[in-house]
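Here are my notes for your first look at this model. Keep the sequence and the 3D view open as you go through the points.

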Amino acid sequence: MDDYPRPSFLHPRDPSIDRRYRPCPKKAQNLDEIYEDYEDSDIEVISSEYESDTETASLESLASTKPATEEGALVYLRLKPVEEFCEFYSIQPHHKRLITSTANGNQKQFVFSDIFDGMVTQKEVYEQCVKPRIDNDENFTIMSYGTSGSGKTFTLIGHEEDPGILPRALEHIFEKHNQNIHPQPVSKMHYGECKLLSDQEAQADIRVKNTLLSLDDFTKDYHYFKEYIERDHNFTGTYKDNCSIFIWVSFVEIYNENVFDLLALPPTLKTKTRKKHLERKSLKVVSNHGNVYVKELNTIHVRTASEAYHILKTGLKGVTYADTGVNANSSRSHFIFMVDIIQYSHPDLFTTQSYRFCDLAGSERQTKTNCAGSRLKEAQTINKSLVVLGRCLDTANNNITRKGNPEVIPVRESKLTMLLQPALLGKEKLCMIVALTPLEQFYEENMNVLNYASIAKNIVFKSQKKKDTGRRFSWFTSTNYEPRSNDRMVDELIAQNSQLQYDRQELTDQIIIMKAEHDRAMTNLEDKLRKDLNERYKKSEESSREAWQTLLKIETKKVEMEVSSRFRDQIEDLNCELEDLREEVLDLKSDLNGEKLITLELTKQLEIAKHELMNAQMAKSTLQRKKSNVLEEKENHF
Ligand SMILES: Nc1ncnc2c1ncn2[C@@H]1O[C@H](COP(=O)(O)OP(=O)(O)OP(=O)(O)O)[C@@H](O)[C@H]1O
């Protein structure tokens, strides 16, 4: 019996569990059935398929249900040894399950491909996480992910007396291929293709390597490390007939969203950190169909494990570390160490493998690290790129569950995700080691890391184990084949290389001629098409204009007829009314004329009367004057 509460109809579901993964008991089930459901369900669980009574049985059933070429990412948990393991974390090693809980009783569970507690050694981590991948020639990206100071760099690089997975992997790779490794840099990966190097190019590469090797002497460290490795592992390799192997390494750092070559020349490794960043050249990242390359990146041809170890250590000297509140030697950048292996098998088969080892800078709270100034800017860019990484994992996971068109995974939003895109897009196997400090103070950040790690598990790797570029190199076929030593094969390769360069020049010329012919043909075709289209357009324009005009006439007539039929009666009534009104107007006009005549007559009569009145008044006044004269005469007379 496990000690966590089981969901049922009586107990509510844990709200902290993502909706998609919440257990949902079926109706009409008894509690026993619900319990079984819960055991099999995917509760914040990375892979429910691993959940079974016997681990071997579940792994077998997983293998039978999934196609051999399609499998999920591997996510391992590594706990940092601490004095007092916080009660908020508990592990069930048998179930490969980590249970986190808070004071208020909220629980979350995470299942991993495996869990390594603080007692698990570097050797065991290597044997479990990396060894099988190299033994099986799988391309992979392995990254250490976690909060600041949780042991990411320790897991990847380790110390001289306790080396991490990367130096162990280098030793393993060289032991495995030892007998077939070719001492000269004859073939190299160039933008995803195997390229044969000319003498001058090979010499230039050797010069760069020698300069890097002369910078520091790590011979003592290497011997110490080698003894340690020999005690821990027993790597072996077998000789492959007619096969030459070329191993190339490169090393980049992503600091403040700039990509720097840690193997760049001239190295400025001994100058102060600040000055170093000013001097270093930021490189461009280019991607093509999901394959990603760093422009002008130095790749170094290494012949022995010792050389590879020296190159790794030299590059590590350029990585930016600083003292933060959480870790005295904290990585302030992400770095990726890349190993490309080219395998040439006579007569014409080239295969390539690539291994990427990525140490992510730790996610951190600025309040805990107490950083300011450039440290603060570093922390912000680190957190931003980790957020983008989380979003990429989330989108990749959603695309698996959602129906319809998949969402675009935002790999281009940060340099880190751009460089990790083969793994994020499922083209390369992803292996993640989640480093965790099981202390209360890191609880919140740990939950963040665990949530994204659980999503990462669902990224499905779909491509083949090896890239086979055999056909492209078919001209290596020799009719008089006889087994040769590596040196003879190289002589032949060099001779064929000059033939190839000659052929390439011829092909380039042919391409130029064909391109010119093609351009001309295309121009003629375009002219013809343009003329054709023009004529067709004119014709269709005329015919459509005529058709439109006829249509317009018909429509106008139709409208007129409809209008006249609909309003005929009303128009007649209105016409009658109009006629009546006209007559009335005429009557009124004649009346008006009569009245005008009367008015004129009366005016005339009035004038006459006025005139007569004036005459009468004048006669009256004359009479009065005569009367007064008569009276006056009378008076005078008397
Ligand atoms: N499993 C472990 N066993 C022993 N020591 C460990 C383990 N994990 C971490 N340490 C120690 O813890 C310290 C911090 O580890 P490390 O530098 O690897 O952390 P980190 O996660 O890389 O931190 P940052 O992100 O800040 O760079 C180192 O001194 C390391 O030796």
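**Notes on a surface patch and aromatic pairs**

1. V559, V563, F567 and I571 make a nonpolar surface patch of about 320 Å². Patch residues have over 30% relative accessible area and no salt bridge; like charges are joined within 9 Å, and nonpolar side chains (Val, Leu, Ile, Met, Phe, Trp, Tyr) within 5 Å. A salt bridge is a side-chain nitrogen of Lys or Arg within 4 Å of a carboxyl oxygen of Asp or Glu. Areas come from the Shrake-Rupley method with a 1.4 Å probe; for residues, only the protein chains shown count as cover.

2. The model is predicted: local features need pLDDT of at least 70, side-chain atom pairs count only at pLDDT 80 or more, and totals for chains, interfaces and linings use all residues. Residues are numbered from 1 along each chain as its sequence is written, and side-chain values use heavy atoms, leaving out hydrogens and water.

3. F567 sits in helix α16 (residues 486–637). F567 has 32% relative accessibility, so it counts as partly exposed (buried is under 20%, exposed over 50%, partly exposed in between).

4. The whole structure holds 12 aromatic pairs (ring centres within 6.5 Å; planes under 30 degrees apart are stacked, over 60 edge-to-face, the rest tilted). F140 and Y355 are stacked because their ring centres lie 4.8 Å apart and their planes are at 20°. Both F140 and Y355 are buried.

5. The F251 and F337 pair is edge-to-face, because the centres are 5.0 Å apart and the planes at 80°. F251 is buried, at 0% relative accessible area. F337 is buried too, also at 0%.

6. Ring pairs also join F88, Y89 and Y443 into a cluster.

Notes: Helix = DSSP H or I, 4+ residues; strand = E, 2+ residues; numbered from the N terminus. Buried < 20%, exposed > 50% of the residue type's maximum accessible area, 1.4 Å probe, protein only. Phe/Tyr/Trp six-rings, centres within 6.5 Å; stacked < 30°, edge-to-face > 60°.
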